[in-house]
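Thanks for coming. I will go through one structure, chain by chain, and then turn to where the chains meet. Please have a look at it before I start.

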Amino acid sequence: MENVNNQKSNDLKRRKFIKNLFISLSGLFIPGFVSAMTKTGGLKDLILSLAYDPKEHLWGMGIDIDKCIGCGRCVNACKEENDVSREPFFFRTWVERYRIFDNGKVLVDSPNGAINGFKPSTNDEENIIRSFFVPKLCNHCDNPPCVQVCPVGATFKTDDGVILVDPKYCIGCRYCIQACPYGARFLDPETRTAEKCTFCYHRVVRELSPVCVEVCPTQARIFGEIKKKPSPLVRFMRKHVLGVLKPALNTEPKVFYANMDMEVR
Amino acid sequence: MEEIVNHLVSLTKEISGYIYPNEIELHWGLLIVIYPYVTGLVAGAFILASLVKVFDVKELQPTYRMSLLTALAFLFVAPLPLLAHLGHPEKSFEIFLTPNTSSAMAMFGFVYAWYLMAVLLLEIWFDYRKDFIVWANHGKGIMKWIYKFISLFSKDISEAALRFDKKSVKMVTLIGIPSAFLLHGYVGFIFGSVKANPWWSSVLMPIVFLFSAIVSGIALVLLIYMVITPLRSKEIDMKCLDKLASYLFYIMIIDFSLEILDFIHRTYEAEESIKILAELVSGRLFVSLIVIQLLMGMIIPLGSIAAVKFFQVPSELRKSIYFVSAILVQIGIFSTRWNVVIGGQLFSKSFRGLTAYKMTFFGFEGLLMSIGLLLLPILILYILFKILPPWDEARSN
């Protein structure tokens, strides 16, 4: 009988020991939870002070390739608004020109991101059969590979579907730049942290459109809600046959292109 | 800032075709080539050591402790290139505090810590424990205390305690083999899981990384053994050397087959990226991939070791052949890492153009730093050999 009792108390001791062990080990994770909470705190404060509820929105952009004239005003305005380096290696948005010839040759260029537009294509010997301009920017993917790979969670998807980078957290490992299939990210030469298009989030929370949309003289860029019926974007999406960039990668972009040629990638 | 811009301006002349404007800056340079190279050596050397314990390969006994210490010396250095390449190394601790669980890279710290603490240090400690105690008893002055300290002040050298040591080493080795696979397979996964990059994105990547790691690890231990033994004016054990070369040969055949499979698979599937990759391989990567990695680093050493196996070769000549082959293998594996890391960034994700990589000499990510990082493990190994002599005659019996 005594033996059995001994056995029991031993069992209880062991159980208690294991329980305590787990409780102490879980303490290791406390700093993680705490800093994760403070991390989103600042941004939340700003949004709350503006009475903006991200949960009520889902943002996207439509681009009508037929309307783009390649003037590059969007590129310039973006650099101005977001204080992006003027050097020709750092772009949140840029415009590409495609020239497709009758012999199948395809020429693509984007001199300095097309910030000053394009020089007319004059000395082309062969016949161009199709030519058009394609504005590019972060696709704010619904399934973003950049967010997936960020080791510290510095880049994240907001409730309204925008992909942002918190430069305070970014350690500059550049895995996100490698993971982005669209070349939409760069390392800021000043801060040495990852940078990208934010859909001008500081404007969006104040009910303004991104600046590239604002300055486009032909309204080739349409910004708006993806899910609300009266949105200009929803109207755009209803009226056009749409395409997205590199659909096979299953990144589910929220930048939708109308009248997109098969050569665009 | 100005330095970066000047560097990028000089690169613009090298671009062919169209690349996205943000792609001119190549983000993972020489340091990130060194990282998988060094971790590969760690994993390879450890797996070699495990052969002695788990599969009881008696011939390799002289290299057992040497391989463990080699793995340790290189493991100490493995995180340094990563740290040096960060834009903000001072924030790197965030990886431990707020790891993003979906990120392969975030797991590095944990995989590394596990491998260092739970595997390598533990195995070395248990294997050396008796020697620590004996050396502490015979030692004088500071060395006595160093040994006392690293033995964690244990004193028990009874039969039972030594039996326990032996059992523990075996246990740790058993956990160690999958851990070593994890350590380097994981490095392969960091590249292999990037779906945006067709040069990297492949399920074979972790496996190819693993086998090339074993190849480089065996070749390194072979080199160290061949250099150290004459320096200690001892005879090289030809049985051991032949066995090392044999293992090197067999693993290289697997590695070679995997690489060929990867090549055939890619060309047969001929996906969207095939044209630009073909341009890359036949152009900017031709020397480093076809000439150095394939011909010098694979076919020549394979052929030479095969020749030694088929024909009766006098031992002096055999030694030279093994030595040269092992050096060629090292160069070849380094170039393998180069071709993966740098090669994967030389083409545009628009698949319409190629860019270039220019090494800098000074600076955090420069050539000088990289040479330093490759020499540092040798220095650490020298110190380890002094403190923990791996030779048989140093063992306390």
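I begin with a definition: a residue is buried if 20 or more other C-beta atoms lie within 10 Å of its own, exposed if 12 or fewer, and partly exposed in between, with C-beta atoms placed from the backbone. By that count, buried residues make up 40% of the 265 residues in chain A.

Before going on, some housekeeping. This is a predicted model, in which local features need pLDDT of at least 70 and side-chain atom pairs count only at pLDDT 80 or more, while totals for chains, interfaces and linings use all residues. Residues are numbered from 1 along each chain as its sequence is written, and chains are lettered from A and ligands numbered from 1 in the order in which they are written.

Chain A, then. It has 8 helices and 11 strands; helices (H or I, at least four residues) and strands (E, at least two) are DSSP runs, numbered from the N terminus. Two strands pair if DSSP finds at least two bridges between them. In chain A, an open sheet of 3 strands is ordered β3-β2-β4, and the pairing is antiparallel. At the edges are β3 (106–109) and β4 (128–137) of chain A, each of which pairs on one side only. From one strand to the next, the twist averages 15 degrees.

How many bridges join β2 (residues 93–101) of chain A to β4(A)? There are 9. Among the partners, W94(A) is bridged to K136(A) in β4(A), and R97(A) to F133(A). Towards β3(A), β2(A) has 4 bridges, also antiparallel, and there R99(A) has L107(A) as its partner. The hairpin of β2(A) and β3(A) has 4 residues between the strands, and G104(A) takes a positive phi near 95 degrees.

Two residues are in contact if their C-beta atoms, placed from the backbone, lie within 7 Å.

Now chain B, with 14 helices and 2 strands. Its radius of gyration is 23 Å, close to the 21 Å that the globule rule gives for 397 residues, so chain B is as compact as a globular protein of that length. The radius is taken over C-alpha atoms, and the rule is 2.2 Å times the number of residues to the power 0.38. Buried residues make up 43% of chain B.

What about the core? A nonpolar core is a set of buried Ala, Val, Leu, Ile, Met, Phe, Trp, Tyr and Cys residues joined through C-beta atoms within 7 Å. The largest one has 175 residues, and those with the most contacts inside it include V42(B), A71(B) and V221(B). Helix α2 (residues 30–54) of chain B gives the most to this core, 18 residues. Leaving aside neighbours within four places in sequence, V221(B) is in contact with residues including A45(B), L48(B) and L244(B).

Last, the place where the chains meet. Here 37 residues of chain B are in contact with 43 residues of chain A. On the chain B side, the elements giving two or more residues are α1 (2–12) and α5 (94–97) of chain B.

Conventions
Axes are lines fitted to C-alpha atoms, for helices over the stretch in contact, and angles run from 0 to 180 degrees between N-to-C directions.
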